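Please open the structure in your viewer and keep the selection tool at hand.

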Amino acid sequence: MPREDADQALPEAREAGLPGAVAHVYPLGSRINAAGHLEIGGCDTIELAREFGTPAYVYAEDDMRERARVVTQAFARRTERFGVVYASKAFPCTAALRLFAEAGLDCDVASGGELHMALAGGFGADRIYMHGNNKSDRELEEALAAAVGHIVVDSFDEIDRLERLTGDASQRVLLRVTPGIEPETHASIRTGQADSKFGIPMAHVGQAIERCSQAGLELRGLHAHIGSQVYALDVYEALADVLLQIGDLPLLNLGGGFGIAYTRDERPPSADEYAEAMLRGAPRDVTVLCEPGRSLVGNAGVSLYTVGTVKEIPGVRTYVSVDGGMSDNIRPMLYGAVYEADLAARFGDSTPCRIAGMHCESGDVLVPEAALEDPRPGDILVIPATGAYGHAMANNYNAVRRPPVIFCREGDARVVVRRETYDDLTLRDR
Ligand SMILES: Cc1ncc(COP(=O)(O)O)c(C=O)c1O
């Protein structure tokens, strides 16, 4: 599908005054309202900051629903044999899990905790895929006790453990394979290369298939996740090719990697283009699974902060410091992730600046090269596209309280995860 048509698959966000260059980075339906304030899901972000405080993760609920619908439709238009599996690590939040369960998706969990949350969010156990390169005995026991649909086996040691833990019972499994395919993306979100902790090396796959059979496991298919933010889609055809050469199995799970726009210049392929690329190499009788994470939630969420200080260092730069940072979004520090930033009540770019967090690390910088419109203390600053791996990776460095998650829809805001309290910080102490 040509890019212009693909864009039509998602309703445009830019109808009401959001600068066109960045509109696609913000949640669907975002706009500048009559007061000149950014609105997310029909809610004025300045009022949200006043009511719920900052920092806060704010999501447009309908954005997530729409993206789940669009990706499902993209596959459904082409085949009946497919599954869309939400990679819950991107945003492990019960309310979001419930939303995706209701939208008919399956769920990828990568720990006992994510399994617990997926079940709490209403996913039937049979719709859950249990991942992990080092699942503990306890996690495997939990998965078996819950009767998860599939365990994605990652090593020979895990096959041994499952053999012991399942006894005479049968368990459906996929085998995660390291296909030796490297997409063009950041090294730390690349996972398909031979030198990887994930999956069974190609040279050992035949032996692993044999071991699954000896261990009484029901091998239903193969899995590979080659990385995230995959923009060059021909790798999926190559991946299907590699996996199909291994054997004839009913399920082919090609992982995640659907990209999102973090910045104004990024134009990720559409869901239609991903579906086309993933299905291109697969025979009609094979069920193709995909595991989108960030693409279902990333652009749905923004982070709100309050500007505390604006420090001009003559001849050097201006630092705009906010009341969050590496505790609520560690991605810039972790692997140089780049974001946009705006003032919620004053879009513009008159002032080049660096947006820094409040933590005791010089590297605690959210946006190294930003441009804001005359930033001042008290302004509400918004960083879009933080819906994935923000809340998920949040931490308590400097004993900060992790922010709330607020879902907005048609002008109503509801707190789906509350802000931590100081008491929460000492709750586990003995
Ligand atoms: C096995 C697996 N599937 C899916 C995903 C989701 O990737 P993304 O959020 O880029 O879509 C990941 C991310 O780490 C993963 O490890």
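Begin by selecting helix 4 (residues 61–76) and helix 11 (residues 271–280), whose axes lie 8 Å apart and pack at an angle of about 40°. Please bear in mind throughout that this is a predicted model.

Now display the side chains where the two helices touch. Helix 4 contributes Val70, Val71, Ala74 and Phe75, and these meet Ala271, Asp272 and Ala275 of helix 11. Sorted by class, the contact of helix 4 with helix 11 comprises 6 nonpolar residues, no polar residues and 1 charged residue.

Next, select a second pair: helix 6 (residues 112–120) and helix 7 (residues 137–146). At what angle do the axes of helix 6 and helix 7 cross? The crossing is at roughly 25°, and the axes come within 9 Å. Helix 6 is therefore roughly parallel to helix 7, since angles under 35 degrees count as roughly parallel. The crossing of helix 6 and helix 7 is left-handed.

Remain with this pair and show its contact residues. On helix 6, select Gly112, Leu115 and Leu119; on helix 7, select Arg138, Glu139, Glu142, Ala143 and Ala146, which they meet. The contact of helix 6 with helix 7 has 4 nonpolar residues, 1 polar residue and 3 charged residues.

Now zoom out to the whole chain and colour it by domain. The domain assignment gives domain 1 as 3–60 + 300–426 and domain 2 as 78–296. The centres of domain 1 and domain 2, taken over C-alpha atoms, are separated by 31 Å. Where the domains touch, 22 residues come from domain 1 and 19 residues from domain 2.

To examine the side of domain 1 that touches domain 2, select helix 1 (3–8), helix 2 (20–23), strand 20 (405–409) and strand 21 (412–417); each supplies at least two residues of that side. How many residues on this side of domain 1 are nonpolar, polar and charged? There are 17 nonpolar, 3 polar and 2 charged residues.

Finally, centre the view on the ligand and display the residues around it. Of the 17 residues there, Ala87, Ser228, Gly256, Glu291 and Gly293 come nearest to the ligand. Colour the shell around the ligand by class to see 5 nonpolar, 8 polar and 4 charged residues.

How values were computed. Residues are numbered from 1 along each chain as its sequence is written. This is a predicted model: local features need pLDDT of at least 70, side-chain atom pairs count only at pLDDT 80 or more; totals for chains, interfaces and linings use all residues. Axes are lines fitted to C-alpha atoms, for helices over the stretch in contact, and angles run from 0 to 180 degrees between N-to-C directions. Helices (H or I, at least four residues) and strands (E, at least two) are DSSP runs, numbered from the N terminus. Angles under 35 degrees count as roughly parallel, over 145 as roughly antiparallel, 65 to 115 as roughly perpendicular and the rest as oblique. A crossing is left-handed if the near helix is turned anticlockwise from the far one by less than a right angle, and right-handed if clockwise. Two residues are in contact if their C-beta atoms, placed from the backbone, lie within 7 Å. Ala, Val, Leu, Ile, Met, Phe, Trp, Tyr, Cys and Pro count as nonpolar, Asp, Glu, Lys and Arg as charged, and the others, Gly among them, as polar. Domain bounds come from an automatic or database domain assignment. A residue is near a molecule or strand if its C-beta atom, placed from the backbone, lies within 6 Å of it.
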